Amino acid sequence: MSDAANLALQFALYVMILLMLPAAYRVFRGINHAERLQGIDLITTLLIGIIVLLALVLNSSFVVDIGIALAAFSFVGTVAIARYLSEGRVF
Amino acid sequence: MSLQEIIGIVFIFIGVFFSAIGTLGVIRLPDVYTRLHASGKVSTLGLVGLLAGTAVLMPQTTIKMLVLALFMVITAPVASHAIASAAYHLGIKPKAQRDDLAHRRGTPTPVVNGE
């Protein structure tokens, strides 16, 4: 990839990393559990985007599998915590 | 910069743009329910833009991109719905005037301007 494309990719990567700060702010400033859980969900979604961008910057298609695994785990985790919050049990 | 790179970069910036708007929404919106709309934008539109850009820039990962995009588009609404129902069970009243689930809980539905 040409330098300009690489530069643009790194800029997009930095923007996504910077976007995680307001999401982390929402997790710390969350008044109740649901807001904090939603902040965590947002952070993991942004993290998946960052991993995909990293796969581009590092130019290796193996890194994308990490993103797929994180997507699966973050979904299961979010639904488990949400179920625990609403019904007090997970299974 | 070949045409393929330009298209990929445009898709990626569309994805980053929607992620930024979604994250901004999560910060500014008043309560959990409206914020879930914003975080839904990030996990569907933001990510699908990024994945489309990656698929264009690295054609050998197209199948993985499709799998990840399909997975995110299916699971993100389910996760948002789970969070919303958890918030409702926790007793968080939506700031919006209407409470459509109120009749199930037996709480009186707030009558607003004769609705």
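A salt bridge here is a side-chain nitrogen of Lys or Arg within 4 Å of a carboxyl oxygen of Asp or Glu. By that rule the count is 5 salt bridges over all chains. The model is a predicted one, so local features need pLDDT of at least 70 and side-chain atom pairs count only at pLDDT 80 or more, while totals for chains, interfaces and linings use all residues. Residues are numbered from 1 along each chain as its sequence is written, chains are lettered from A and ligands numbered from 1 in the order in which they are written, and side-chain values use heavy atoms, with hydrogens and water left out.

Chain B comes first. Its secondary structure amounts to 4 helices and 0 strands, where helices (H or I, at least four residues) and strands (E, at least two) are DSSP runs numbered from the N terminus. Along the sequence that reads α-α-α-α. Of the 115 residues in chain B, 43% are buried; buried means under 20% relative accessible area, exposed means over 50%, and partly exposed lies in between (1.4 Å probe, protein chains only). Contact, from here on, means heavy atoms within 4.5 Å. Among contacts in chain B between residues at least 6 apart in sequence, 61% join residues at least 24 apart.

Next, the meeting of the two chains. The contact draws on 42 residues from chain B and 47 residues from chain A. Between them the chains bury about 3,700 Å², with 81% of it on carbon and sulfur atoms; buried area is the accessible area (1.4 Å probe) that two parts lose on being put together, summed over both. The interface holds 2 salt bridges. On the side of chain B that touches chain A, helix H1 (3-28), helix H2 (32-57) and helix H3 (62-89) of chain B each supply at least two residues. H3(B) gives the most, with 15 residues. By class, this side has 29 nonpolar, 10 polar and 3 charged residues, with Ala, Val, Leu, Ile, Met, Phe, Trp, Tyr, Cys and Pro taken as nonpolar, Asp, Glu, Lys and Arg as charged, and the others, Gly among them, as polar.

One salt bridge that crosses over joins the side chains of B:Arg35 and A:Glu35 (3.5 Å, N to O). The pair runs from helix H2 of chain B to helix H2 of chain A, and both residues are buried. A:Glu35 also forms a salt bridge with A:Arg26, the closest N and O atoms being 4.0 Å apart. A:Arg26 counts as buried too, because its relative accessibility is 8%. Together, A:Arg26, A:Glu35 and B:Arg35 are linked in a network of salt bridges. Elsewhere, A:Glu87 pairs with A:Arg83 at 3.6 Å between the closest N and O atoms. These two are 4 residues apart in helix H3 of chain A, so about one helical turn separates them.

Then there is the packing. A nonpolar core is a set of buried Ala, Val, Leu, Ile, Met, Phe, Trp, Tyr and Cys residues joined through side-chain atoms within 4.5 Å. The largest has 40 residues, of which A:Met16, A:Leu53 and B:Ile12 touch the most other members. Leaving out residues up to four places away in sequence, B:Ile12 touches residues of both chains, including A:Leu9, A:Leu56, B:Leu50 and B:Leu57. A second, separate core of 14 residues includes A:Ala82, B:Tyr33, B:Ile83 and B:Ala87.
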